[in-house]
Every structure is written in structure tokens, then in C-alpha cells.
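User: I have a model open and would like to go through it with you. Could we begin with confidence and then move on to the packing and the charged pairs?

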Amino acid sequence: MVIEESILQSDKALTAGEKAIAVERSMREAAEKEQELLRQRQKEQQQIMEAQQRSFQENIAQLEKKMERERENLLREHERMLEHKLKVQKEMLIEGFEKKSEELNKEINQLKEEIERAKNEEPSVLSKILDTVGNMMVVALPGAAKLFGVGVKWLGSQV
């Protein structure tokens, strides 16, 4: 009987050891699955962030192009107005309307000043926009993406 009990005890110990090994294996597999799931989530978040960054860069490029077109259109309009007023002034001088000619001269000078201001303003407007966008990116973007916001701010200071 002692031998039978000894065999039975050995069998129970072996079964308990196998169960412990099985539990440990299950826990390890669960931890590995959790790690893989975490890696997958991080990869998806990285892809989303990259897509947002590309979209943001495209929007900034479109905004810059639009601002440049508007500035060019404004300059062309001012120059057309200036040419017209110079032509009218010349005609009035020929016809002897000095007083009206002087008024037109004032308007011409104002237009020239506006053209100069518009030419000189462009970098500061773009600079302000890039600075504001950079600030928004630094605040809104997570982690390493904040460096992109800092880069936009730097670009604004160089314009």
C-alpha cells in the first residue's frame, strides 16, 4: 500500500506541476497577445498622426498660394487704378484743370503708398500666419510631432 500511495502522490504532484506550467504558459501567451495588440494600436495612431500631418501641410500650402494670389490681384488692381488716374490727370492738365489735377495727384500718391505697403506687408502677414499655425501645432500635436510645429514657427520667423 505504501508503494501505491507513493505512486498516487507522485501522480498528483506531476499533475499539479503540469497545471502550473500550463497556467504559466497561458499567462505568457496572454501577455504576448496584449503586447501585440498594443503595438498594433501604436502603429494605427502613428498612421493617423502622419495622415493628419500631411493634410495639415497641404492645407498650409494651399493657404499660402491663396494669399499670394490675393496679394498679386490686389497689386494689379492698385496698379490699374494708378494708371487710370495718371491718364486722367494728364488729360486734365492738358485741359487746364489744375485743382482737379492736384486732387488726383494726392490720390495717386496715396495709391503709390498703398502699393508699397502691400509689397512690404506680405512677409509679415505670412510670418504671422506661420507663427500662429506653429503655436497651434505645438499645443495640439502630441510628442515628437510638436517638433513640426516648432519648425513651422521657425519658418515664420525666416519669412
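**Confidence, core and salt bridges**

Analyst: This is a predicted model. Its chain has an average pLDDT of 79, and 72% of the residues score at least 70.

User: Where in the chain is confidence lowest, and where is it highest?

Analyst: The lowest confidence is in helix α3 (residues 146-158), with a mean of 63, while α1 has the highest, at 85.

User: On to packing. Which residues make up the largest nonpolar core?

Analyst: That core consists of six residues: L75, L82, I108, L111, I115 and A118. Two or more residues come from each of α1 and α2 (98-140).

User: Which element gives the most to this core?

Analyst: Helix α2 does, with four residues.

User: What does I115 touch?

Analyst: Setting aside residues up to four places away in sequence, I115 touches L75, H78, E79 and L82.

User: Now Q89. Where is it placed, and is it buried or exposed?

Analyst: Q89 lies in helix α1 (residues 2-95). Q89 counts as buried because its relative accessible area is 12%, under the 20% cut-off.

User: Which residues is Q89 in contact with, leaving aside its neighbours within four places in sequence?

Analyst: The contacts of Q89 are S101, L104, N105 and I108.

User: Changing topic: how many salt bridges does the structure hold?

Analyst: There are five salt bridges. One of them joins E107 and K85, with the closest N and O atoms 2.5 Å apart. This pair links distant parts of the chain, as E107 is in helix α2 and K85 is in helix α1, 22 residues apart. E107 is partly exposed, at 31% relative accessible area.

User: What about E77 and R80, how far apart are their closest N and O atoms?

Analyst: In that salt bridge the distance is 2.7 Å. E77 and R80 are three residues apart in helix α1, so about one helical turn separates them. E77 is partly exposed, with a relative accessible area of 35%, and R80 is partly exposed as well, at 48%.

User: And which residue does R39 meet in a salt bridge?

Analyst: The side chain of R39 meets that of E36, at 3.2 Å from N to O. These two residues are also three apart in helix α1, which means a separation of about one helical turn. R39 is partly exposed at 45% relative accessibility, and E36 is partly exposed at 43%.

Technical notes: Residues are numbered from 1 along each chain as its sequence is written. This is a predicted model: local features need pLDDT of at least 70, side-chain atom pairs count only at pLDDT 80 or more; totals for chains, interfaces and linings use all residues. Side-chain values use heavy atoms; hydrogens and water are left out. Buried means under 20% relative accessible area, exposed over 50%, partly exposed in between (1.4 Å probe, protein chains only). Contact means heavy atoms within 4.5 Å. A nonpolar core is a set of buried Ala, Val, Leu, Ile, Met, Phe, Trp, Tyr and Cys residues joined through side-chain atoms within 4.5 Å. pLDDT is the predictor's confidence in each residue, from 0 to 100. A salt bridge is a side-chain nitrogen of Lys or Arg within 4 Å of a carboxyl oxygen of Asp or Glu.
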